[in-house]
Amino acid sequence: SAQTRSYASRAEKANPILKKLFGLMEEKKTNLCVSVDYTDPSKILDIIDKVGPKVCMVKTHIDIISFSSVDAIRSFTASLTALSQKHNFLIFEDRKFADIGSTVQHQYRGGVYNIVEWAHITNAHSFPGPGIVTGLGEVMLKEAKEPRGLLLLAEMSSAGNLSTEGAYRAKTLQMARDHKDIVCGFIAMGNQIVTESGDDSDDFIFMTPGVNLADKGDAHGQQYQSPEFVIGEKKSDIIIVGRGIIKAEDPVAVAEKYRAAGWEAYEKRTVA
Ligand code: 5FU
């Protein structure tokens with residue numbers, strides 16, 4: 001199967017957020033994103049401090065965490081930011097925005113979570129149309145103090161998801177191509193959504209959830225693939241692993257297994 005260019009060479013002409021990401025991936029030799037879906041904030045920070053050296057990104061669901069106060073949210077996001085600097089990884093809030101542009105602007109900057117202030121990367125469904133991209137983009141480009149990136153959900157890992165219907169993926173891709181200053185990549189099962197209709201796949205990063213070495217799925221339609229398949233065969237760039245790591249008896253040792261598997265698959269498929 002076809003080879004792909006290295007993260008380092010893609011960093012050269014990338015926008016600021018992808019430049020930083022590709023650079024730290026090469027430096028740390030990791031294409032692993034850990035999804036820390038615990039609900040106890042101190043447990044989350046504890047595991048991140050331990051697996052931080054092995055990951056390029058930490059994914060959060062800020063709205064599943066049990067916070068006792070708004071101050072506790074502030075202190076959590078400050079600690080998370082400090083850990084991202086200590087271990088050199090990016091923070092990805094898996095918010096999956098899905099409303100009109102005006103509403104998502106408030107959800108992105110406001111409420112109690114103030115996501116734009118601490119998350120390097122967030123994501124959105126393309127379902128509402130291009131206004132969700134321009135709405136979030138305006139906050140990103142005008143209000144954030146550091147570079148930010150948006151991922152569009154082109155495909156999901158869950159059984160029966162509607163991304164295979166009609167022109168959904170093609171229209172999602174078009175929204176991204178029209179707004180490359182805002183959209184830095186996709187949640188997708190591989191890079192095919194871009195390569196099947198153009199040669200600009202190096203302009204985007206592809207991140208894939210539903211990765212597990214031990215299980216095939218869960219009771220609610222999650223579907224798992226191996227790092228080798230996702231990175232080697234489907235040519236995604238980053239594996240997102242949740243329960244495979246966070247429910248393991250020794251999360252740090254298991255994170256190293258995923259890091260090594262993901263990196264080996266990347267090296268095999270890559271030309272300089
Ligand atoms: F966009 C998606 C998707 O298509 N599938 C997902 O599983 C996001 N996810 C997230 O990745 C989901 O919300 C979890 O946070 C994580 C997968 O966790 P797991 O424990 O590895 O199944």
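Colleague: Where is the place of Lys29?

Modeller: Lys29 sits in the loop between α2 (16-28) and β2. Helices (H or I, at least four residues) and strands (E, at least two) are DSSP runs here, numbered from the N terminus. Residues are numbered from 1 along each chain as its sequence is written. And this is a predicted model, where local features need pLDDT of at least 70, side-chain atom pairs count only at pLDDT 80 or more, and totals for chains, interfaces and linings use all residues.

Colleague: OK. What is phi of Lys29?

Modeller: Near 55°, a positive value in a residue other than glycine. Most residues other than glycine have a negative phi.

Colleague: Switching to strands. Which way do β2 and β3 run?

Modeller: Parallel, with 3 bridges joining β2 (residues 32-35) to β3. Strands pair if DSSP finds at least two bridges between them. Lys59 in β3 is the bridge partner of Ser35.

Colleague: What do β2, helix α3 and β3 make?

Modeller: A right-handed β-α-β unit, with α3 covering residues 41-51. Right-handed means that, with the strands pointing away from the viewer, the path from the first strand over the helix to the second runs clockwise. β3, helix α4 (residues 70-87) and β4 also make a right-handed unit of that kind.

Colleague: How many bridges are there between β3 and β4?

Modeller: 4, in the parallel sense, with β4 spanning residues 90-97. Val58 stands opposite Ile91 in β4.

Colleague: Which way do the residues of β3 point?

Modeller: Met57 and Lys59 point one way from β3 (residues 57-60), Val58 and Thr60 the other way, and all are buried. In a regular strand the side chains alternate between the two faces of the sheet.

Colleague: How about β5, what is around it?

Modeller: β5 (residues 121-125) is largely enclosed by the rest of the structure, because 4 of its 5 residues are buried. β4 and β5 run parallel and are joined by 3 bridges, and β5 pairs with β6 (residues 149-153) in the parallel sense over 5 bridges. The chain crosses from β5 through helix α7 (residues 131-143) to β6, and that crossover is right-handed.

Colleague: Next, the core. How many residues has the largest nonpolar core?

Modeller: 74, and Cys33 and Leu136 have the most contacts inside it. A nonpolar core is a set of buried Ala, Val, Leu, Ile, Met, Phe, Trp, Tyr and Cys residues joined through C-beta atoms within 7 Å.

Colleague: What does Leu136 touch?

Modeller: Phe97, Val104, Tyr108, Ala124, Leu150 and Ile182, not counting residues up to four places away in sequence. Contact means C-beta atoms, placed from the backbone, within 7 Å.

Colleague: Last one: which residues come nearest the ligand?

Modeller: Met156, Ser157, Pro209, Gly242 and Arg243, out of the 18 residues around the ligand. A residue is near if its C-beta atom, placed from the backbone, lies within 6 Å.

Technical notes:
Buried ≥ 20, exposed ≤ 12 C-beta atoms within 10 Å, placed from the backbone. Contact = placed C-beta atoms within 7 Å.
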